[in-house]
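Q: Please take a close look at one aromatic part of this model, with the cut-offs stated.

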Amino acid sequence: MEWQQILDTFSRLPSGQRQLWWLTAAGLLLLMLGLLWLESRWFKRSGRLAGWLFVRLVSALAAPLLLAVLIVPARSVGGPEALAVFYGVLLFIAPPLWFGSHLLAGRWARPLLTPGESLALAVSGLAILAIPGTAFFAAEAPLRAAAREIGSQRTLPADNIQLRHAVQPVQRYQLPGVGLIYTQSLLAPPDTRLLAVEQRQGGLWPVYQGIAHPMYCTDGNDLHLMWSSREPPPYLRLHWEQGFGPRQRSEFTPVLDFTNAPPPAEFTVTLRPDGVDPVAPIPRERAYLILEQPGLAPYTQMLGAPPEAGEKRGTDCVLKGFQRWTPGGDWQVRALGLGFQLPGGENLRSLIERTGAG
């Protein structure tokens, strides 16, 4: 888990569980301090407490440096090569750095420490550092379980900052081949800038770079949602600024209350030769066009695919007035397809064809 996700999950835990975690952390800290105290007693007997303290100060400086040497190169590479870089640093760079620093520290310490004692402190230092490291990895599984439980509740945090967007009511539509779907729009006031949107999955906030999202899309600073009734409602975290104010972060999830609401309407799309006019905004990731031209086989254009050469996009939504990108020739829109992938892996598809298309 990312460190920020750990902090987010920990802050959402019930107070009793947080106290248990704090008590466990305090116990581990006392264990580490106890081992250091035993080391100090050993060297105090021979009058070399100051030398031991100097070496341990070097350990405190070398530990974060060693961690940076292990993590930073691997993260800068990324991909499958990152693991190879990590193991290469772990085997060939980290040992000389850690043990070499302790040997030099023992030589510079006053009173002097023997090389054997310096190496022994290097080994015991690794054992002491292994305590929080082992605890961190052991805590990951229960924290993930807690994150999943928190995510299933879809409850906004008590300190959630009020969103500046105007939240429009959730709309219900019937879509052939898919069934009941929901849409909702969050409209930003003129002085509010939408900086980023994250979607929580399994209680965590996956970090995606440049990946389209099927459940939402943005048009300027406005946010538009679309999901199937057989999908969990989206739980989002919006990063925004108002005027010259600081960057803010608000969590949002739709409220599904249809008391006294009219029955779902049909999801309609007007198909033009050069584009489409949907009744509600559609995330491009969900949509594709089937184009036709006399004498040629139909051409499928995936609207969620990366932009083609020369194509410019001002939004990742399919809105009223949407115009297709011309693939060359006199292509015309024959149909609009929409796809919904359910959590179990089932795919639902709807194809809306132009009247008279054949």
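Is Phe258 buried, partly exposed or exposed?

A: Phe258 is partly exposed, with a relative accessible area of 22%; buried means under 20% relative accessible area, exposed over 50%, and partly exposed in between (1.4 Å probe, protein chains only). This is a predicted model, in which local features need pLDDT of at least 70 and side-chain atom pairs count only at pLDDT 80 or more, while totals for chains, interfaces and linings use all residues. Residues are numbered from 1 along each chain as its sequence is written, and side-chain values use heavy atoms, with hydrogens and water left out.

The ring of Phe258 pairs with that of Tyr182: the centres are 5.6 Å apart and the planes are at 5°, so the pair is stacked. Here rings of Phe, Tyr and Trp (its six-membered ring) pair if their centres lie within 6.5 Å, and planes under 30 degrees apart count as stacked, over 60 as edge-to-face and the rest as tilted. Tyr182 is buried, at a relative accessible area of 10%.

This pair links distant parts of the chain, 76 residues apart. Tyr182 belongs to strand E3 (residues 179-187), whereas Phe258 is in the loop between strand E8 (248-252) and strand E9 (265-266); strands (E, at least two residues) are DSSP runs, numbered from the N terminus. Together with Trp227, Tyr182 and Phe258 form one aromatic cluster.

Phe258 also has a charge over its ring: the charged end of Arg172 sits 4.4 Å from the ring centre. The criterion is that NZ of Lys or CZ of Arg is within 6 Å of the ring centre and within 35 degrees of the ring normal.

Conventions
Helix = DSSP H or I, 4+ residues; strand = E, 2+ residues; numbered from the N terminus.
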